[in-house]
Amino acid sequence: MTAKFCPGCGSIQGPFFRGLCRNCFLKKNSLFGIPAAIKISRCKSCGKILFSGKWQKQENTLLEKIIEKNTKIPKLEKPKLEFLFSPEKDRKISAKVKLKGEIDSNEIAEEKETTIEFKTNLCDSCMKSVSNYYEAIIQLRFEKKGMEEKVLKEIENLLFGFSGEDVLAKIVSAKKQKSGVDLVLGSNKSASKIAKSIATKYAAKLVVSYKQAKGGTRDKVKKRFTYCIRI
Ligand SMILES: [Zn+2]
Ligand SMILES: [Zn+2]
């Protein structure tokens with residue numbers, strides 16, 4: 001049964017969806033749900049993205065699959081999604097997503113927007129090949145005895161806290177020294193935070209230095225930082 005006019009706006013222009021014209025129906029009902037943002041891990045070394053537990057090449061067809069998996073289409077006949085991606089900016093791609101389908105065999109469509117946000121990560125194979133990769137060294141030197149264990153524990157706790165956001169926040173190796181220990185760390189970002197936090201807590205002297213390392217891009221020289229903390 002179709003209504004003769006829309007009770008919402010008085011339009012007599014069909015088709016009608018549950019008694020309402022297309023406009024009024026879409027004002028009151030949403031055809032599908034989509035999150036405002038979808039976060040995806042992307043390898044900072046090879047650029048692959050993680051979907052369904054697999055690291056795969058970033059292509060629009062894959063982004064479409066990811067978005068599709070995140071949409072909820074409650075009830076629609078012949079649902080079909082169309083996508084329009086904007087160029088990436090600040091590790092974000094915004095996408096216009098149009099859902100087309102039918103209700104009681106009448107065509108209807110709705111458009112929504114979502115943003116794909118890339119989280120920097122390291123894929124499994126790159127992680128393996130860079131297991132010796134490091135960006136920083138924290139040199140801990142102790143003037144008082146019995147401090148080392150306590151400070152190391154604190155550093156491990158800090159690293160654990162950073163590891164969710166920073167995959168390289170880990171101790172690659174540790175070398176015993178005469179009056180302390182050298183910790184080789186994967187991430188300079190985390191190393192810098194740790195060095196500042198430990199130095200502040202123990203009112204210790206912190207000396208930061210760096211060396212140029214091999215690699216890096218043309219406009220960005222790779223540096224390896226050393227944080228020497230005397231406690
Ligand atoms: Zn209407
Ligand atoms: Zn990778």
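Start by looking for sulfur bridges: a search of the whole structure turns up zero disulfides, a disulfide being a pair of cysteine sulfur atoms within 2.5 Å. Before you click further, know that this is a predicted model, where local features need pLDDT of at least 70, side-chain atom pairs count only at pLDDT 80 or more, and totals for chains, interfaces and linings use all residues. Residues are numbered from 1 along each chain as its sequence is written, chains are lettered from A and ligands numbered from 1 in the order in which they are written, and side-chain values use heavy atoms, with hydrogens and water left out.

**Stop 1: the zinc ion**

Select the zinc ion (ligand 1). Which residues hold it? Cys6, Cys9, Cys21 and Cys24 coordinate the zinc ion (ligand 1), each through its SG atom, at 2.2 to 2.3 Å. Donors here are N, O and S atoms within 2.8 Å of the metal (3.2 Å for Na, K and Ca); water is not among the atoms, so sites may look incomplete. Along the chain, the donors of the zinc ion (ligand 1) are spaced as C-x2-C-x11-C-x2-C.

Why is the arrangement around the zinc ion (ligand 1) tetrahedral? Because the four donor atoms subtend angles of 105 to 115°; four donors count as tetrahedral if all angles lie between 85 and 135 degrees. For reference, ideal angles at a metal are 109.5 degrees for four tetrahedral donors.

Now colour by accessibility. Cys21 and Cys24 are both buried, and Cys21 has a relative accessible area of 6%. Buried means under 20% relative accessible area, exposed over 50%, and partly exposed in between (1.4 Å probe, protein chains only).

**Stop 2**

Next, pick Gly14 and Pro15. A cis peptide bond joins Gly14 and Pro15, with omega at about -5°. (Helices are DSSP runs of H or I with at least four residues, strands are runs of E with at least two, and both are numbered from the N terminus.) Gly14 is partly exposed, with a relative accessible area of 36%.

Phi of Arg18 is near 45°, a positive value in a residue other than glycine. Arg18 counts as exposed, at 55% relative accessibility.

**Stop 3: the nonpolar cores**

Select Leu31, Ile40, Leu63, Ile67, Phe85, Val97 and Ile116: these have the most contacts inside the largest nonpolar core, which has 30 residues. Such a core is a set of buried Ala, Val, Leu, Ile, Met, Phe, Trp, Tyr and Cys residues joined through side-chain atoms within 4.5 Å. At least two residues of this core come from each of α1 (22-28), β1 (37-43), β2 (49-51), α2 (60-70), β4 (77-85), β5 (92-103) and β6 (106-121). Which of them gives the largest share? That is β5, with five residues.

Zoom in on Leu63. Leaving aside residues up to four places away in sequence, Leu63 touches Ile40, Ile49, Gln58, Phe85, Ile93, Ile116 and Phe118; contact means heavy atoms within 4.5 Å. Elsewhere there is a second, separate core of 24 residues, including Ile155, Ala169, Leu183 and Leu185.

**Stop 4: Asn121 in β6**

Go to Asn121, in strand β6. Is Asn121 buried or exposed? With a relative accessible area of 17%, Asn121 is buried. Its contacts, not counting residues up to four places away in sequence, are Ser41, Arg42, Cys43, Lys44, Trp55 and Val167. One of those, Cys43, is buried at 3% relative accessibility.

**Stop 5: two loops**

Asp90 is in the loop between β4 and β5. Though not a glycine, Asp90 has a positive phi of about 50°, and at 68% relative accessibility Asp90 counts as exposed. Then find Asp104, in the loop between β5 and β6; Asp104 is exposed too, at 54%. From Asp104 to Gln139 is 35 residues in sequence and 71 Å in space, C-alpha to C-alpha.

**Stop 6**

Zoom out and colour by domain: the domain assignment gives domain 1 (22-121) and domain 2 (132-230), with bounds taken from an automatic or database assignment. Their C-alpha centres lie 40 Å apart. Finish at Gln212, in strand β10 (residues 205-217). Gln212 is exposed, with a relative accessible area of 64%, and its C-alpha is 29 Å from that of Lys201, 11 residues away along the chain.

Note on methods
Four donors count as tetrahedral if all angles lie between 85 and 135 degrees; four count as square planar and six as octahedral if opposite donors are over 155 degrees apart and all others between 65 and 115; anything else is irregular.
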